[in-house]
Amino acid sequence: ARLLECELATAFEVVAIYGPTGSGKSAVAEELARRLGAEIVSADAMQIYRGVPILTNQPDFPTRLVAVRDLTDSMSVGEYERLAHVAIDECVGRDGIVVVTGGTGLYLRAALCNLELPPPPVEGARARFEALYDERGAAETYAILAGRDPAAAKALHQNDRRRVVRALELNEQGYSLAPRRDHLWSREMRRPTLLVGIDVSPLALAERIAHRTADMFSRGAVEEACRIPATSETSRYVIGLNEARTLAPEAAIAAISERTLRYARYQRKWMRRLPLAMTLDGLQPSGANAETLHDRVRASQTI
């Protein structure tokens, strides 16, 4: 492990574990939770939905904020923040410590800090910009955003309909979807927190993702995908759902693996922006990494 400067005058109350898909963060979190006698709170934007345990790789270990919403619903970052704060405070109040883990960087930040969120969209704005996107197409709508908010456009792909629409909503209210980098993370977390990154090499990550995707299909990913209502707006963001429905298994596995790997690369970039206290090698056994974290937590309790 690589230990950076992160000394606190009080014992850690939160151990937050972040890493790309396939890095092994969930296994480390579960091992650590057992050692600490603590609960886990999820910081994953897709695991929060019911009905897709295979496609979203939901844990078997009891975890807060997993499978608590229907796919026909949506979850805003602000709403997740409120739920996460309640869950974390309850766990710390009872056990003295909690483990938070997930691969959605903004959700992790929402769980650990107090976000400065923009106001909700003006009534009718979302429908108006969605109609604009559907009528004029991705490229033209994206060009409109680029003209109004270049920084937000640079952070998005033109085919990301939901976020392009959200960026236009925010711009109309005087906000930007691309926050200033120096405001994205700070060390002013709500509770004393040990923030840990789990990572593996790109080659190992690709191999793990390919293996996990194949395993998803052996456990019934196709059947799960076919049960999801076609009317669910949220379901379009579940990686693999459309591929499992429409492609032959071999082609679907290859397509999902590639799409997941692209997302993992994005997560690794996110991890470089986190104020990590420790970085652990995901190729090490999860038990060994959990023991390293357990020792670090216990050491903080003697400070």
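**Close-up views of a predicted model**

**View 1. Leu-65 in a loop of the predicted model.** Leu-65 is found in the loop between β4 and α2 (77–95), where helices (H or I, at least four residues) and strands (E, at least two) are DSSP runs, numbered from the N terminus. The phi angle of Leu-65 is near 65°, a positive value in a residue other than glycine. With a relative accessible area of 11%, Leu-65 is buried, a term that means under 20% relative accessible area, whereas exposed means over 50% and partly exposed lies in between (1.4 Å probe, protein chains only).

**View 2. Asn-57 and its loop.** The loop between β3 (39–42) and β4 (63–64) holds Asn-57. Phi is positive here as well, near 55°, in a residue other than glycine, and Asn-57 counts as partly exposed at 27% relative accessibility.

View 3. A disulfide is a pair of cysteine sulfur atoms within 2.5 Å, and a search of the whole structure finds zero of them. Cys-91 is in no disulfide, the nearest cysteine sulfur being that of Cys-113, 18 Å away. Cys-91 counts as buried at 0% relative accessibility, whereas Cys-226 is exposed, with a relative accessible area of 54%.

**Notes to the views.** This is a predicted model, in which local features need pLDDT of at least 70 and side-chain atom pairs count only at pLDDT 80 or more, while totals for chains, interfaces and linings use all residues. Residues are numbered from 1 along each chain as its sequence is written, and side-chain values use heavy atoms, with hydrogens and water left out.
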